[in-house]
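Subject: Structure handover

Hi,

Here is the structure for you to look at. My notes on what turned up follow below it.

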Amino acid sequence: MYTLADAASQGGSLMSTFIMFGLILLVFWLLFWRPNQKRRQQETQMQTSLGPGTEVMTKAGIFGTVVEVHDDDLLLEIAPGTRVRMLKAGIAQINSPQVDDTPVEDRPDFGDDDKPKD
């Protein structure tokens, strides 16, 4: 009689152990694996969108312009006449030129040329 009660209580603790293990796996998936997968997908998408003339920054912090694109690597011009061959995986981000939408009148280099000089 006592052995049946002991077996029933052990079965309940075994089930709660499995539930806790499952919850821990779920937390790890939500916090680590899923964001890492999304980041890899974004990196792959960025690497496939590279083309000649694209301004990029490498993971080492070097800025350059893509000259040629091959299967796994590309040719990057980091200074006039200086070209470096590197893997696509070495590109950290694409630098799009910033558009200055400030009105001309509000820019600091807008002179007072139309005012009469005293």
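How many helices and strands are there in the protein chain? There are 1 helix and 5 strands. Along the sequence the order is α-β-β-β-β-β.

Please keep in mind that this is a predicted model. The mean pLDDT of the protein chain is 81. Of its residues, 71% reach 70 or more. Confidence is highest in E4, at 94, and lowest in H1, at a mean of 79. Where pLDDT is low, the predicted coordinates should not be read in detail.

Overall numbers

The protein chain has 118 residues, and buried residues make up 16% of them. The chain exposes about 9,900 Å². Carbon and sulfur atoms supply 59% of that area. Among contacts with a separation of 6 or more, 32% are between residues 24 or more positions apart.

Strands

Strand E2 covers residues 63-69 and strand E3 covers residues 73-79. The two run antiparallel and are joined by 4 bridges. A hairpin of 3 residues connects E2 to E3. In this pair, Val-66 sits opposite Leu-76 of E3.

E3 also pairs with strand E4, residues 82-87. That pairing is antiparallel too, over 6 bridges. Ala-79 faces Thr-82 in E4. The hairpin of E3 and E4 has 2 residues between the strands. Gly-81 in that hairpin takes a positive phi near 85°.

Core

Which residues form the largest nonpolar core? It has 8 residues: Met-46, Leu-50, Val-56, Val-66, Leu-74, Leu-76, Met-86 and Ile-91. Val-66 is worth a look for its contacts. Leaving aside neighbours within four places in sequence, Val-66 touches Gly-51, Pro-52, Gly-53, Thr-54, Val-56, Leu-75 and Leu-76. Val-56 and Leu-76 are in that contact list, and both belong to the core.

Now the helix. Gln-47 lies in helix H1, which spans residues 2-48. Is Gln-47 buried or exposed? Gln-47 is buried because its relative accessible area is 14%, under the 20% cut-off. Beyond its neighbours within four places in sequence, Gln-47 is in contact with Lys-88 and Ala-89.

Salt bridges

The structure holds 3 salt bridges. Side chains of opposite charge can pair when their charged atoms come close.

One joins Glu-43 and Arg-39, at 3.5 Å, N to O. Both residues lie in helix H1, 4 residues apart, about one turn of the helix. Arg-39 is partly exposed, at 43% relative accessibility. Glu-43 is partly exposed as well, at 23%.

Another joins Lys-59 and Glu-43, at 3.6 Å, N to O. This pair links distant parts of the chain. Lys-59 is in the loop between strand E1 (55-58) and E2, while Glu-43 is in helix H1, 16 residues apart.

A further bridge joins Arg-85 and Asp-73, at 3.4 Å, N to O. Arg-85 lies in strand E4 and Asp-73 in strand E3, so the pair ties together parts that are 12 residues apart in sequence. Arg-85 counts as exposed, at 65% relative accessibility. Separately, salt bridges that share partners join Arg-39, Glu-43 and Lys-59 into one network.

Over to you.

Best regards

Definitions and conventions: Residues are numbered from 1 along each chain as its sequence is written. This is a predicted model: local features need pLDDT of at least 70, side-chain atom pairs count only at pLDDT 80 or more; totals for chains, interfaces and linings use all residues. Side-chain values use heavy atoms; hydrogens and water are left out. Buried means under 20% relative accessible area, exposed over 50%, partly exposed in between (1.4 Å probe, protein chains only). Contact means heavy atoms within 4.5 Å. Accessible areas come from the Shrake-Rupley method with a 1.4 Å probe; for residues, only the protein chains shown count as cover. Two strands pair if DSSP finds at least two bridges between them. pLDDT is the predictor's confidence in each residue, from 0 to 100. A nonpolar core is a set of buried Ala, Val, Leu, Ile, Met, Phe, Trp, Tyr and Cys residues joined through side-chain atoms within 4.5 Å. A salt bridge is a side-chain nitrogen of Lys or Arg within 4 Å of a carboxyl oxygen of Asp or Glu.
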